[in-house]
Amino acid sequence: MRRTAAPSFRGWLAACVAGLGLAAAAPGLAANYRLDIEAPAELVEPLRTRTLLGRWIDEPGFESEQLPLFIERARDEALAIARAAGYFSASAEVSLEPAAAGELPRVHVVVDAGARTTVNRFDFTLDGPPDAQALRAELARRWPLPEGSFFLSDRWQEGKRLLLDVLQQHGFVRARIVESRAQVDPAATAAGLTLHIESGPRLAFGPTTVKGLQRYDRSIVEALRPWHEAAPAASGHAASGGDPYSFEALLDYQARLRASGYFDSVDVLPDLAAVEADPARTDVPVTVEVSERKLKQATFGIGYSSDEGARGLLGYQHRNLFGRGWQLDSGVLVQSVRHRVFASVRTPQEASGHYYQVGARSERFDVQGELTRKQTLFAGQGGGRGDTTHFTSLQYQTESRELPLATDVDHSQALTLGYAWTRRRLDSQIDPRSGYSISAQLSGAARALASDRSFVRFYTRMMRFWPMPRESLLGDGLLIGLFEFGHVAAGGRDGIPSENLFRTGGTQSVRGYSYLSLGVPEDGAIVGGRVLAVGSLEYQHPVVRNWYGAVFVDIGDAADRWGDYKAARGYGVGARWRSPIGPVSLDVAYGEAVRHWRMHLSVGYAF
């Protein structure tokens with residue numbers, strides 16, 4: 001007899017009360033009988049939830065004539081639960097205590113579990129080609145019931161499915177279990193396991209079917225595919241020539257397509273039904289389903305930060321320029337301290353992960369008394385895999401610079417060859433709570449090649465996120481570390497465009513100081529120097545829901561030489577709101593060098 005209705009809340013509460021060692025029902029609960037269980041702790045909950053006695057204890061449709069049937073079946077149910085947990089020598093007794101006047105009948109379930117059965121032997125045989133044998137070490141590492149472990153029936157079944165999954169994900173789609181045997185000796189409390197698997201042949205990647213393409217050419221999708229598919233089968237012959245199938249390659253392909261910028265959603269799926277339908281098939285067809293982004297898009301945004309003030313952005317994007325899949329990104333940015341016009345064109349990413357990009361930007365930047373007008377042309381090649389990206393570029397920079405006390409306008413130019421590398425291993429790109437990010441840049445210019453001064457520049461920025469263990473003193477908190485370092489090797493800074501020099505101070509660097517106010521004093525302004533070092537440590541502690549309190553200390557400076565470097569300190573407190581677009585931060589910081597309190601507002605992290 002079974003009931004499919006979900007247990008009532010009162011039944012759940014009764015089970016909780018009973019789990020504390022009390023009767024199964026408390027005053028005011030509509031219990032049908034009382035249930036006492038004596039068993040190892042790990043068996044108590046299954047006995048209450050997976051036996052007829054436990055499930056019907058507070059069901060309103062219960063009739064007293066049913067109780068003898070529940071008691072009769074309870075012993076077998078209890079023994080089955082004990083054996084599933086590895087207690088094969090267990091014994092169970094079920095008894096009924098008649099109801100006294102005004103009371104409910106009481107049922108006693110006593111399980112003497114005995115010794116737990118241990119795996120004393122695991123014989124594993126894998127039949128298959130050499131590339132299947134190469135997976136034996138991984139299969140052994142993933143096996144959940146090694147010799148010496150407690151034998152659990154559920155884990156025995158899960159382990160067999162797991163080994164098949166590993167083989168199938170590496171291309172052995174037809175892998176099957178030939179023999180599976182668990183021999184249990186209750187007297188010796190030992191289990192001997194035998195497992196024999198045939199891997200079958202390793203299948204190749206078959207033809208790719210693409211669905212959902214309307215605006216963009218199929219070549220964009222095919223260029224990102226990380227494998228070669230099998231050649232179509234000739235009459236009377238099998239398909240051949242494809243790379244070995246692997247589930248990891250499918251995930252890689254899906255990630256590339258999602259990051260390409262052309263699609264809102266992407267699903268890459270193997271057609272395993274086609275493999276199952278044709279036993280002679282030697283390849284796995286793949287289906288790619290995409291939802292395209294709009295071909296052209298205009299964007300408008302407004303915002304505010306305590307560093308750069310109010311800002312507005314008007315942008316335009318075209319994702320299939322000249323019908324070649326080139327992506328145009330252009331716009332006008334207006335801020336309190338900066339006016340910028342920019343445009344760049346990027347080619348589709350190739351299967352190797354590389355793409356090409358060219359662009360130009362013109363900017364007016366007025367901060368800390370220094371007014372610069374900059375123009376930049378660049379061309380480069382980028383690429384990357386997963387969490388790591390890189391970009392090699394050639395830039396031509398021209399700049400004019402005005403200072404309050406200077407009588408002349410400085411002009412400079414540089415033809416710079418540069419390389420940028422970034423790795424982000426974070427649990428979230430928007431609101432990380434664990435992981436790290438590292439970026440590094442190396443660039444240089446030669447006076448003999450369209451530059452006013454020769455120099456070599458190195459810069460790196462690192463952030464680390466440490467979640468605090470829940471049981472520690474700082475339970476559920478977050479510790480964030482930041483380190484910045486920069487050095488320009490040159491005979492002086494004159495003739496080097498300011499974009500290649502360093503300043504610091506402000507929301508994303510040394511708090512307690514105004515934006516880019518830490519640098520080199522010159523003619524009534526603060527300008528960039530050739531050296532930089534910044535360190536920061538922040539702790540965030542949960543307060544309520546998505547709100548966190550923060551304390552922090554920052555230290556750093558930029559100077560023209562290391563001999564002039566004097567680290568400025570800033571420290572303070574803040575509030576963090578974990579919003580859908582990233583953490584919104586409001587800080588109050590004290591700048592020790594200027595003896596002044598300053599408020600900082602920002603959204604997200606600068607990686």
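Biologist: How do the residues of the lining of the second largest pocket divide into nonpolar, polar and charged?

Modeller: They divide into 3 nonpolar, 7 polar and 4 charged. Ala, Val, Leu, Ile, Met, Phe, Trp, Tyr, Cys and Pro count as nonpolar, Asp, Glu, Lys and Arg as charged, and the others, Gly among them, as polar. This is a predicted model, in which local features need pLDDT of at least 70, side-chain atom pairs count only at pLDDT 80 or more, and totals for chains, interfaces and linings use all residues. Residues are numbered from 1 along each chain as its sequence is written, and side-chain values use heavy atoms, without hydrogens and water.

Biologist: Which helix gives the most to the lining of the second largest pocket?

Modeller: Helix 9 does, with 4 residues. A helix is a DSSP run of H or I with at least four residues, a strand a run of E with at least two, both numbered from the N terminus.

Biologist: How do you know that the span of helix 4 agrees with its number of residues?

Modeller: The expected span is 1.5 Å times one less than the number of residues. The 18 residues of helix 4 (residues 67–84) should therefore span 26 Å, and the end C-alpha atoms are 25 Å apart, which agrees.

Biologist: Where is the kink in helix 4 centred?

Modeller: The kink, of about 35°, is centred on Ala74. The bend at a residue is the angle between axes fitted to the seven residues ending there and the seven starting there.

Biologist: What follows helix 4?

Modeller: Gly86 follows, with a positive phi near 95°.
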